[in-house]
Amino acid sequence: MTLFRLEGKRALVTGGSRGIGLAAAHDLMRLGAQVTLAARGADALKTAANAIGARWVVADVSTPEGIQTALAAAGQVDILVSNAGGPPPALPSAVTEEAWLAGLNTTFLSTVRLAAAVLPGMRERRWGRIIAITSLTVGRPALNLPVSNAMRAAVTNHLKTLALEVAADGVTCNTVAPGYTATDRLRALHADPADAEKLTAKIPARRFGEPGEVGAAVAFLATREAAYITGQEILVDGGWSI
Ligand code: NAD
């Protein structure tokens, strides 16, 4: 039997128009899955989807309506990759009520809602993969990312809890926690080259990760071969967390 194939499986990748989401979608497609990308901006989404041969839908996962739109376009979902843009940086004392609520909806409740919607079908078919993109900040909170630190930890524990409930039904629930990965998000957070250099000096691999290196971990978790890996947090961080 050929290893790591996903023919006949359908995936929904949210936050899929660029960066880690797009890289994960590309790898899922290379393994044979049919993929629908969801994100907010039609232009970037269309370009990204055409580049890899995916389907696409404009949907904002921070609202229940946006989630319904994404799910309606995707149809049956065998593989859910729950991902979206990260909360903006701020010192913990400066986070507003509005920013907490935005983070709650975009980073935490998006995963809760998407997973709740796809799980009944996965359990019935006795096959499913729920994978959320979190962050290295779950284990090591970053001072300037308080909303991300809190919401990613919540996503991590929620998927561990779900894993307990559905493990016997052939459904796995895991998180992939990227370290510093060279995407638009990272470039925005570390625009100063001197700052970027200081940071890479602290990473054992001495470089930022590539989006495809995170995407490959997501794709592996989606395979049949990863069926016994559930409730786990897979760090893809060049050794940062050691
Ligand atoms: P990115 O900002 O480059 O891409 C985010 C994607 O999500 C885009 O496609 C964007 O259009 C989409 N998106 C944003 N808000 C959305 C919403 N409400 N509904 C639907 N789509 C939405 O980010 P990235 O660097 O690829 O990172 C992906 C995730 O991983 C982010 O949550 C980020 O915080 C996290 N992360 C990134 C790094 C890194 O170094 N790049 C490190 C740790 C964690």
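Me: How much of the protein counts as buried?
Reply: In this predicted model, 47% of the 242 residues count as buried.

Me: OK, and what's the radius of gyration next to the globule rule?
Reply: First the parts list: eight helices and seven strands. The radius of gyration is 17 Å, close to the 18 Å from the globule rule for 242 residues, so the protein is as compact as a globular protein of that length. The C-alpha trace spans about 50 × 40 × 40 Å along the principal axes.

Me: Which residues have the most contacts inside the largest nonpolar core?
Reply: Those are A24, L28, L37, L80 and V218, in a core of 62 residues.

Me: Take A24, then. What is A24 in contact with, leaving aside neighbours within four places in sequence?
Reply: V13, V81, V214, G215, V218 and A219.

Me: Switching to the sheet: what's the strand order?
Reply: β3-β2-β1-β4-β5-β6-β7, an open sheet with parallel pairing. β3 (55–58) and β7 (233–236) are at the edges with a single partner strand each, so one side of each has no neighbour in the sheet. On average, neighbouring strands are turned by 20° against each other, ignoring direction.

Me: How many bridges between β5 and β6?
Reply: Six, linking residues 128–133 of β5 with 171–178 of β6. A132 has T175 in β6 as its bridge partner.

Me: And which strands does α4 lie across?
Reply: Helix α4 (97–125) lies across β1, β4, β5 and β6, at about 175° to β4. Helix α2 (42–52) lies across β2 and β3, running at about 170° to β3.

Definitions and conventions: Residues numbered from 1 in each chain as written. Predicted model: local features only at pLDDT ≥ 70, side-chain atom pairs only at ≥ 80, totals over all residues. Pairing = 2+ DSSP bridges. Helix = DSSP H or I, 4+ residues; strand = E, 2+ residues; numbered from the N terminus. Axes fitted to C-alpha atoms, helices over the stretch in contact; angles between N-to-C directions. Contact = placed C-beta atoms within 7 Å. Core = buried A, V, L, I, M, F, W, Y, C linked by C-beta atoms within 7 Å. Buried ≥ 20, exposed ≤ 12 C-beta atoms within 10 Å, placed from the backbone. Rg over C-alpha atoms; globule rule 2.2 N^0.38 Å.
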